[in-house]
Amino acid sequence: MTLDGDVAIVTIDRPKALNALSSTVLEAIDDAFARIADAAASIRGVLVVGAGGRAFVAGADIAGMAGATPEEGRRSAELGHRVAARIEACHAPVIACVDGFALGGGLELALSCDFIYATDASSFGQPEVRLGLIPGFGGTVRLPRVVGPARAKELIYSGRRIGIEEAVASGLVVRRFADRDALLAGARETIAQVAQNSPVAVANAKRVLVGAAGRSTDEAVAIEIGGFGEAFGTDDMREGVAAFLEKRSPGFSR
Ligand SMILES: CCCCCCCCCCCCC/C=C/C(=O)SCCNC(=O)CCNC(=O)[C@H](O)C(C)(C)COP(=O)(O)OP(=O)(O)OC[C@H]1O[C@@H](n2cnc3c(N)ncnc32)[C@H](O)[C@@H]1OP(=O)(O)O
């Protein structure tokens, strides 16, 4: 994890295995986000990227699964879910910057981020069924929320890979870019826009959006009402309203 101003960059750096997620890699991602939480006041956004230029993450570590017992499989999935929960609990927006393969646990890692930006060279899939597995890092939970239950079922049952055109059309990818440099510049531009807003309000909005995901309408509405009420108790809300009425730029908390 490196810091570039108020942007944290988490790089999955195991290019010889197309950044496959071993338990060690997952624990390192968890540690990176724990450090980001400790430095929350100085970080306005997080980019998650894959090293090597061919893959974001090509999945969980298949070599590491050979001979694993059901209990070991359950434990590795639990580890994957702990990492996803840590990412969703991050105070700042987390952008999955995909350049290349995002498959299996790699797509699930991207789905635990707030949204996905990707290059034209990227491809996405949940090919677990080709290994006799199923998604185990949240794919059956988060993919339907993004692309809809029917398309999620088709992708998970077929295990097929989709390219950038279909990924954008399905809503899986929010913005596409010609290459990695444009992708990272675009992601930084988004974080710069976020950084102009109240950090308290952005964190509040993320907490409400994540907390309401998958809930019934009544439960989700109650979570939103709670978050909206909390906003009225913040200095940033008082500053934001005052700045508008005084026709000046707000000076939000850091
Ligand atoms: C009990 C212990 C578990 C340990 C893991 C813990 C973490 C788990 C968290 C919970 C997650 C559970 C749910 C998720 C499950 C999965 O993700 S299953 C895996 C899904 N992914 C795939 O099936 C993709 C596999 N890869 C490929 O199909 C191809 O590599 C490719 C992406 C299409 C690229 O093909 P090609 O360009 O021909 O390159 P290759 O030669 O195949 O690959 C280059 C080298 O990278 C290695 N590699 C690629 N993917 C993985 C992988 N997922 N795991 C391990 N290694 C991988 C590949 O073997 C090559 O290595 P070398 O042969 O040494 O060069």
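Visitor: Is arginine 86 buried, partly exposed or exposed?

Guide: Arginine 86 is partly exposed, at a relative accessible area of 33%; buried means under 20%, exposed over 50% and partly exposed in between, with a 1.4 Å probe and protein chains only. Keep in mind that this is a predicted model, where local features need pLDDT of at least 70, side-chain atom pairs count only at pLDDT 80 or more, and totals for chains, interfaces and linings use all residues. Residues are numbered from 1 along each chain as its sequence is written, and side-chain values use heavy atoms, with hydrogens and water left out.

Visitor: Thanks! Which residue forms a salt bridge with arginine 86?

Guide: That would be aspartate 30, with the closest N and O atoms 2.9 Å apart. A salt bridge here is a side-chain nitrogen of Lys or Arg within 4 Å of a carboxyl oxygen of Asp or Glu. The pair links distant parts of the chain, 56 residues apart: arginine 86 is in helix 3 (residues 70-88) and aspartate 30 in helix 1. Helices are DSSP runs of H or I with at least four residues, strands are E runs of at least two, and both are numbered from the N terminus.

Visitor: And aspartate 30, buried or exposed?

Guide: Aspartate 30 counts as buried, at 19% relative accessibility.

Visitor: How many salt bridges does the whole structure have?

Guide: The search finds 17. One of them joins aspartate 235 and arginine 238, again with 2.9 Å between the closest N and O atoms. These two are three residues apart in helix 11 (residues 235-245), so about one helical turn separates them.

Visitor: Switching topic: what domains does the assignment give?

Guide: Domain 1 (2-195) and domain 2 (199-245), with bounds from an automatic or database domain assignment. Their C-alpha centres lie 26 Å apart. The contact, meaning heavy atoms within 4.5 Å, takes 11 residues from domain 1 and seven from domain 2.

Visitor: What area is buried between domain 1 and domain 2?

Guide: About 630 Å², with carbon and sulfur atoms giving 56% of it. Buried area is the accessible area (1.4 Å probe) that two parts lose on being put together, summed over both. Arg44, Glu88 and Arg145 supply 55% of what domain 1 buries against domain 2, more than any other three residues.

Visitor: How many salt bridges cross that interface of domain 1 and domain 2?

Guide: The rule finds one there. As for lysine 206 and aspartate 114, their side chains meet in a salt bridge at 2.8 Å, N to O.
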